[in-house]
Every structure is written in C-alpha cells, then in structure tokens.
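Open the model in your viewer and keep the selection tool ready. Each stop below says what to select and what is there.

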Amino acid sequence: MTAQILATLLPVFLISGAGTLYGKLRSPDIRSLNTLNMELFVPMLVFVVLADRQAPLEDYAWLALAGAVVVVGSGLLVWPVVKWLRLEPKTFVPPMMFNNSGNMGIPLLILAFGEQALPAAVVLFIVEMLLHFSLGLKMLSPHTPLWRLLRMPIVLASLAGLAVNLSGLSLPGWLLEAMHMLGGVCIPLLLFALGVRMLDIDFGDWKTGLLGAVLCPLSGLLLAWPLIVLLELEGLKAASLWVFAALPPAVLNYLVAEQYRQQPHSVASLVLIGNLGSLIVMPIVLGLVFAHVMPPVS
C-alpha cells in the first residue's frame, strides 16, 4: 500500500519540486506560462475529453452535481468558523471552496487510476472552474457581470466539446489525437507552475494558513461521504470525489485575490501552506481510497 501511494504522489511532488528549483535558479515569468496553459493547453484537453464520444457524459451527471455540492457546501461549513474567529470572509472562504482541481487534481487522478480517470477529472475541474468564475467572482465583487464567463477559453472549449458530444458528431481520429497531444502538455505544466508558485509562500500569516490547510480538506471530506451514499456513486466516481474533496486550495485563488486587491498576501498563505499540507493529507486519503474504494492503476 505504501508503494502504491508513493507511486502516485512522487511524480506529483517531483515535478512540482522541479518547478520550485527552476524558479529559484531562473525566476521565470510564470504568469505568461500560466496564461499559455489556461488559454491553449487546458482548453484543448477539456475539449477533446468532452468531444470524444467514448466517454458518455450522461454517466458523469451525478458526479458533476456532487462536485458542485462539495464546492458550495465547503463554503457554508467554514462560514460559522470564519465568523467565530472574526476572519475576513472574502479572504478566507473562497480558498476553502475552490480547490486545486487543475494543478493537482487532474494529474493526481490520472496517476492514481490511469487514463480511465481523465473524464471524471475533467468534469470535476470544469465544475470547479465554472463556479469559481461565477459564484467566486460574485463573492469578491457582487457587480461582476456573468457574461464575462463567455470570454474564457475554458468555458468556450467546454461548450464546444459538449456540443460535439451531444450532437453525435464523430471527429476524425487524427484531429482528436493532435488535440489530445496538445492538451497533454497541460498536465506536467500545471504541476511545474505549482512548484514555481511555492516560492511565494509567506509564513508571516502561518496561523491562518495552517487553519486553512486543515479546514479545506476537512470540509470537503465531510460532504463527500453523504453525497457518495445519497447519489450511489461507486468505483472510479466515488474514488474521484474523495480525492477531489480532499484537494488543497487552488493557486487561482491567489491570482483572483491579487486582481481584486482582497488581501492577496493572506490568500497566498492559505493557498501555499494548504498545498504543503497536502503532503500529509493526500497520502492518508489515497491510502483509504485504495484500501476501501478502488485499487490503484497497475
């Protein structure tokens, strides 16, 4: 079991570590790298997974609903704690809701359960991203127009992929393969960028960061169990939801907080210390999933 967990997690942390080392030596323009990834490679992966009719999307409807409940419900669970501790809700609550389903979630699910987990990983990623750029932006700036969603390449790729899948149109194999190769670039690049971002850790607000590192996975896992039972999720879908629920805060929370000037340094602590905390949380969650839900890919 230990070897299985290490085989899943070591590639994640080695690629992230390579990003941290390279960032320390070269100080790359990570913002441009992230822009390229989020505007080309990630949308390409999203489109090809949704457009490929070998993965019937109706099979993932309940998983998508469960992912949405985990995201929104996590915010509702931590809200009383935030008010009790007199923390700023706009600073603390969004990172507890919007997890690292891109940088860590997609690679982790594929490494743990193989290519068969890619549709589930992408569906959960799309759910988290759509909620982040609708509900999440509304939380920080209530006057943000929702039509801005249609300007996002990921949203456009999702709509196009859904249209192709539901229309029954079969795209040429060579086109899907080319798009899949381009989309595959995003997975190691997401991890590499995460590693570079780890250099921005600010331990000045470590208490808040440590609290977030506990509450983020805890709130998600508390919601995942009843959802799996209620929606009768089994096998890969149940395993994917357990991993999704335990993910740390998304790096994107820091970028959004920076854009809206919502205490970005505090958000950076929540995000980056939370991701460090995943070194402890993820081995535990994966061990339980491998033992009781679904075996790892051989």
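**Stop 1: a serine in a helix**

Select S219, which sits in helix α10. Helices here are DSSP runs of H or I with at least four residues, strands are runs of E with at least two, and both are numbered from the N terminus. This is a predicted model: local features need pLDDT of at least 70, side-chain atom pairs count only at pLDDT 80 or more, and totals for chains, interfaces and linings use all residues. Residues are numbered from 1 along each chain as its sequence is written, and side-chain values use heavy atoms, with hydrogens and water left out.

Is S219 buried or exposed? S219 has a relative accessible area of 3%, so it is buried. Buried means under 20% relative accessible area, exposed means over 50%, and partly exposed lies in between, with a 1.4 Å probe and protein chains only.

Now show the side chain of S219. One of its polar atoms lies 2.8 Å from the backbone oxygen of L215. A polar contact is a pair of N or O atoms within 3.5 Å; within protein, one must be able to donate a hydrogen and the other to accept it, and residues adjacent in sequence count only if both atoms are side-chain atoms.

Next, find what S219 touches. Leaving aside neighbours within four places in sequence, S219 is in contact with S74, L77, V78 and M96. Contact means heavy atoms within 4.5 Å.

**Stop 2: helix α4**

M96 is one of the buried residues of α4. Select the whole helix, residues 89–97. Why is α4 called largely enclosed by the rest of the structure? Because 8 of its 9 residues are buried. These are P89, T91, F92, V93, P94, P95, M96 and M97.

Then select E88. This residue caps the N-terminal end of α4. A side-chain oxygen of E88 lies 3.2 Å from the backbone nitrogen of K90.

**Stop 3: two loop residues with positive phi**

Select R86, in the loop between α3 and α4. Its phi is near 60 degrees, a positive value in a residue other than glycine. R86 has 79% relative accessibility, so it counts as exposed.

Jump to E232, in the loop between α10 and α11 (235–246). E232 is not a glycine, yet its phi is positive, about 55 degrees. With 66% relative accessibility, E232 counts as exposed.

**Stop 4: aromatic pairs**

How many aromatic pairs does the structure hold? There are 2. Rings of Phe, Tyr and Trp (its six-membered ring) pair if their centres lie within 6.5 Å; planes under 30 degrees apart count as stacked, over 60 as edge-to-face and the rest as tilted.

Select Y22 and F192. Their ring centres are 5.9 Å apart and their planes are at 50 degrees, so this pair is tilted. The pair links distant parts of the chain: Y22 is in helix α1 (residues 2–26) and F192 in helix α9 (residues 186–197), 170 residues apart. Y22 is partly exposed at 40% relative accessibility. F192 is partly exposed too, with a relative accessible area of 21%.

Now select F113 and F290. The ring centres of F113 and F290 lie 5.9 Å apart with planes at 80 degrees, so the pair is edge-to-face. F113 lies in helix α5 (residues 101–113) and F290 in helix α13, so the pair ties together parts that are 177 residues apart in sequence. F113 is buried, with a relative accessible area of 1%. F290 is buried at 6% relative accessibility.

**Stop 5: a leucine beside F113**

L236 is buried, with a relative accessible area of 15%. What does L236 touch, not counting residues up to four places away in sequence? The answer is F113, Q116, A117 and M294.

**Stop 6: another serine**

Finish at S278, in helix α13. S278 is buried, at 2% relative accessibility. Not counting residues up to four places away in sequence, S278 touches F13, M104, P248 and P283.
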